[in-house]
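Colleague: Could you pick a single part of this model and take me through it closely? I'd like one connected walk-through, cut-offs included.

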Amino acid sequence: MATETDCIFCKIIAGEIPSTKVAEDDSTYVFMDINPATRGHALVIPKRHTQDITTIDPADLAAVTVKAQEIAKRAKEVFAADGVNLLNCCGSAAWQTVFHFHLHVIPRYVDDGLIEPWKPGQGGDADVIAAAGAALRG
Ligand code: 5GP
Ligand code: ZN
C-alpha cells in the first residue's frame, strides 16, 4: 500500500497516530474528525496515499464513495441526523489542509449553526456560464 512518510492520515492508518476508528476494509479507512463540524463528523479515506480528487485511483474513489454512503446512512440512523453533507476539498484554495484524499461525512441537524459557503443568487451571466461550459467540454 502506497504511504507517504510525512502524511498524518497515512500515520493514522498505520496506527502510528491514534484515531477513533469507525470502519476499515481492504481499501478504505473511516475515523472521526478530531475537530468536528457537527456531532458525528467522520472522514473516509483511501488506504493508498493520494493527494486529491485529481490523483485518486478511480477504484479507490469508488470504494471511498460507497463507504461514505454507508456512513451517511449510519449517521441518519444513530444520530437521527436531519441531513448529511459530503465534502471534499482539493487544493488549499478550496480549504484542503491535509493532502491525503478524504471525504468529510458531516451529519446535519436543523439549526446546527453551519452556514452555506455560498447562497444561490439571481443567476449568473449567461455568456460567462456558456463559455465556462464550452471550456469544460473542450
Ligand atoms: P481538510 O481541511 O483537508 O478538508 O480536512 C482535514 C480534516 O482533518 C480537518 O477537518 C481536521 O479536523 C482533520 N484532522 C486533521 N488532523 C487530524 C488528526 O490528527 N486526527 C483526526 N482524527 N483528524 C484530523
Ligand atoms: Zn497519506
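Modeller: Let's start with the word "donor": an N, O or S atom within 2.8 Å of the metal (3.2 Å for Na, K and Ca), and since water is not among the atoms, a site may look incomplete. Bear in mind that this is a predicted model, where local features need pLDDT of at least 70 and side-chain atom pairs count only at 80 or more, while totals for chains, interfaces and linings use all residues. Residues are numbered from 1 along each chain as written, chains are lettered from A and ligands numbered from 1 in written order, and side-chain values use heavy atoms, with hydrogens and water left out.

Now the zinc ion (ligand 2). Cys7 (SG), Cys10 (SG), His49 (ND1) and His100 (ND1) coordinate the zinc ion at 2.0 to 2.3 Å. Along the chain, those donor residues follow the spacing C-x2-C-x38-H-x50-H. Helices (at least four residues) and strands (at least two) are DSSP runs numbered from the N terminus, by the way. Both Cys10 and His100 are buried, meaning under 20% relative accessible area with a 1.4 Å probe, protein chains only.

Stay in that E4-E5 loop, as His102 is found there too. An unreviewed UniProt entry annotates His102 as "active site", though such annotations may be inferred rather than shown by experiment. With 5% relative accessibility, His102 counts as buried. Leaving out residues up to four places away in sequence, His102 touches Phe9, Leu43, Val44, Ile45, Leu87, Asn88 and Gln96; contact means heavy atoms within 4.5 Å.

Among those contacts, Val44 is the bridge partner in E3 of Val30, and Ile45 that of Tyr29. E2 (residues 28-32) and E3 (42-46) pair antiparallel over 5 bridges, where pairing takes at least two DSSP bridges. Of the 5 residues in E2, 4 are buried. Stepping back, the open sheet has 5 strands in the order E1-E2-E3-E5-E4, paired antiparallel. E1 and E4 are its edges, each pairing on one side only. Helix H2 (residues 58-78) packs on the sheet and touches E1, E2, E3, E4 and E5; its direction makes about 160 degrees with that of E3, using axes fitted to C-alpha atoms (for helices, over the stretch in contact) and N-to-C angles from 0 to 180 degrees.

Methods. Buried means under 20% relative accessible area, exposed over 50%, partly exposed in between (1.4 Å probe, protein chains only).
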